Amino acid sequence: MAKKSVVLYPGLGVGHLTPMVALAKVFLQHGAAVTVALVEPHVKAPDFSAVVARAEAANPSVTFHVLPPPPPEPAAAPADSSVSSGGTPAHFIAMMFDYLRAMNAPLRDFLRSLPAVDALVLDMFCGDALDVAAELHLPVYYFYASGAGDLAVFVNISRVPTASFADLGDSLVSFPGAPPFKASDLPKEVVTDSPGAKAILGALYRLPEADGILVNTLESLETQAVCALRDGLCVPDHSTPPVYCIGPLVSGGGGEKEHECLRWLDTQPDKSVVFLCFGSMGAFPKEQLEEIAIGLERSGQRFLWVVRSPRNPDMFGQPVPEPDLEALLPEGFLGRTKDIGLVIKSWAPQVDVLRHRATGAFVTHCGWNSTLEGITAGQPLLCWPLYAEQRMNKVFIVEVMELGVEMKGYNEELVKAEEVETKVKWVMESEGGQELRKRVAEVKDRAAEALKEGGSSHAAFVQFLKDLDT
């Protein structure tokens with residue numbers, strides 16, 4: 001069989017690039033040649049070139065190509081300058097999709113310049129590139145970097161009027177492949193009439209047009225959602241393309257052995273440390289940081305906590321300053337907890353921390369990358385969703401997978417110190433916490449087996465490659 005040549009197109013954002021790089025490694029393992037076509041952010045991001053450089057250094061067998069920017073268009077006044085629940089201006093989301101649409105021309109030119117392309121693999125937000133694939137007669141697949149549960153809900157919700165959901169509050173809604181959950185757990189970014197919501201829903205609407213969808217999940221983890229997708233229940237007005245569960249694909253870690261937090265973990269007892277980290281966009285106001293600090297201190301548990309500076313919506317897209325921990329945290333907190341806790345500014349090597357023998361639980365924003373990193377490290381999850389699809393992920397983690405518990409209050413003004421104290425002590429000390437830990441350990445083992453030759457995810461990828469030949 002001739003060597004396959006595939007182009008991966010991850011769109012914008014580190015959270016979308018990271019799983020695409022993990023997918024590139026799977027293609028390499030199966031003997032394919034892989035090129036990742038990158039879009040430089042339209043809002044200048046100082047870390048873009050650094051992220052690309054790190055990806056290239058860590059993956060020398062993958063070709064990374066930064067596409068040239070599209071020709072400039074006349075600036076239009078934003079139609080909606082409100083701010084979404086994730087702190088992202090709603091008009092910025094619409095601008096992002098406009099920019100990705102404009103990138104079709106550079107992408108088309110790049111694909112035409114290559115000697116051979118057997119398939120184009122798109123990020124979930126790159127639906128306009130379907131038109132490029134159609135023009136060039138290329139097989140086109142999606143890599144859906146979140147879970148099958150999210151996919152089941154999103155392809156369904158993109159086909160119904162969504163603004164009405166905003167008025168339902170905590171009323172229960174029902175979708176094929178998902179348990180009933182509160183309407184307020186739907187992403188606020190899609191239940192409005194904003195240009196941003198219309199752009200996101202438009203991209204999701206086009207998912208079934210692809211030749212197939214690769215999903216970063218383990219089939220046995222989300223059986224109900226996968227069955228609903230394959231049975232066509234989620235897309236009643238269109239045939240559903242084949243769904244291939246090829247995960248969990250996570251970063252390998254191992255590149256930050258000298259980070260101070262890993263050296264600190266080396267001095268801690270096994271499974272004794274609660275790790276708190278809320279993703280690349282996860283930041284809290286000072287009042288919430290103080291509640292977390294008080295709760296951690298009262299719990300008496302060892303902790304490793306990544307703190308970011310509070311975000312200023314007026315400065316969206318600008319670098320966030322390094323946090324002033326003394327100013328943000330309660331007076332004397334760092335000194336009083338120095339023997340049992342460590343607070344890290346802005347960033348920690350998450351995969352390495354989660355896999356460290358001393359880490360015993362993970363307080364997470366429920367981003368899908370973080371969720372999979374926690375599960376594959378065998379960590380019980382304390383779920384504190386912040387924005388986007390994270391509230392839905394919380395529903396699946398807690399109610400379907402039964403691998404985590406909810407930090408109550410995230411939908412209100414503050415998660416109180418009492419809740420932090422109670423849940424942290426529960427997961428580390430109680431029988432219920434031990435039962436949760438056992439369930440996660442079982443899924444960790446199942447996930448490792450699925451990725452081995454003959455496992456379900458390995459077999460799904462082999463089937464995808466066979467289907468690509470037909």
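This section describes the sheet, the nonpolar cores, the cysteines and selected residues of a predicted model.

Seven strands make up an open sheet with parallel pairing, in the order β3-β2-β1-β4-β5-β8-β9. Strands β3 (63-66) and β9 (243-245) lie at the edges, each pairing on one side only. On average, and with direction ignored, neighbouring strands of the sheet are turned by 25° against each other. Helix α4 (residues 104-113) packs on this sheet, where it touches β1 (5-9), β2 (33-38), β3 and β4 (119-123). The direction of helix α4 makes about 155° with that of β2.

Strand β4 pairs with β1 in the parallel sense over four bridges, and Leu-120 in β4 is the bridge partner of Val-7. Strand β4 also pairs with β5 (residues 140-144), again in the parallel sense and over four bridges. In this second pairing, Val-121 has Tyr-141 in β5 as its bridge partner. Strand β4 is mostly covered, with five of its five residues buried. Val-215 stands opposite Cys-245 of β9.

In soluble globular proteins, nonpolar side chains tend to be buried together. The largest nonpolar core of the model has 128 residues, of which Tyr-9, Leu-186, Leu-304, Trp-305 and Trp-384 touch the most other members. Helix α6 (residues 148-157) contributes the largest share of this core, seven residues. A second, separate core holds 34 residues, including Leu-17, Leu-23, Val-121 and Phe-464.

When residues up to four places away in sequence are not counted, Trp-384 touches Phe-278, Phe-284, Gln-288, Ile-292, Val-363, Thr-364, His-365, Cys-366, Met-407, Tyr-410, Val-415 and Val-420. One of these partners, Val-363, is found in strand β13 (residues 359-364). Val-363 has a relative accessible area of 0% and is therefore buried. Leaving aside neighbours within four places in sequence, Val-363 is in contact with Val-274, Phe-275, Leu-276, Cys-277, Phe-278, Leu-382 and Trp-384. Val-363 and Ala-58 are 305 residues apart along the chain, and their C-alpha atoms are separated by 28 Å.

The structure holds zero disulfides. Cys-277, one of the contacts of Val-363, has Cys-261 as the cysteine with the closest sulfur, at 9.5 Å. A disulfide requires the two sulfur atoms to be within 2.5 Å, so the sulfur of Cys-277 is too far from that of Cys-261 for a bond. Cys-277 is buried, with a relative accessible area of 8%. Cys-126 also counts as buried, at 3% relative accessibility.

His-16 is found in helix α1 (residues 14-29). The side chain of His-16 makes a polar contact of 2.7 Å with the side chain of Asp-123. Apart from neighbours within four places in sequence, His-16 is in contact with Pro-10, Asp-123 and Phe-125.

Several backbone features lie in loops. The peptide bond from Gly-247 to Pro-248 is cis, with omega near 5°, and Pro-248 belongs to the loop between β9 and α9 (260-266). Pro-248 and Lys-444 are 196 residues apart in sequence, and their C-alpha atoms are 9.9 Å apart in space. Lys-444 has its place in helix α17 (residues 431-451). Lys-444 is partly exposed, with a relative accessible area of 36%. Leaving aside neighbours within four places in sequence, the contacts of Lys-444 are Ile-375, Thr-376, Ala-377 and Gly-378.

Positive phi values in residues other than glycine include those of Lys-271, near 50°, and Glu-402, about 55°. Lys-271 is placed in the loop between α9 and β10 (273-277) and is partly exposed, with a relative accessible area of 48%. Glu-402 is placed in the loop between α15 (390-401) and β15 (404-406). At a relative accessible area of 41%, Glu-402 is partly exposed.

Technical notes:
Residues are numbered from 1 along each chain as its sequence is written. This is a predicted model: local features need pLDDT of at least 70, side-chain atom pairs count only at pLDDT 80 or more; totals for chains, interfaces and linings use all residues. Side-chain values use heavy atoms; hydrogens and water are left out. A nonpolar core is a set of buried Ala, Val, Leu, Ile, Met, Phe, Trp, Tyr and Cys residues joined through side-chain atoms within 4.5 Å. Buried means under 20% relative accessible area, exposed over 50%, partly exposed in between (1.4 Å probe, protein chains only). Helices (H or I, at least four residues) and strands (E, at least two) are DSSP runs, numbered from the N terminus. Contact means heavy atoms within 4.5 Å. A polar contact is a pair of N or O atoms within 3.5 Å; within protein, one must be able to donate a hydrogen and the other to accept it, and residues adjacent in sequence count only if both atoms are side-chain atoms. Two strands pair if DSSP finds at least two bridges between them. Axes are lines fitted to C-alpha atoms, for helices over the stretch in contact, and angles run from 0 to 180 degrees between N-to-C directions.
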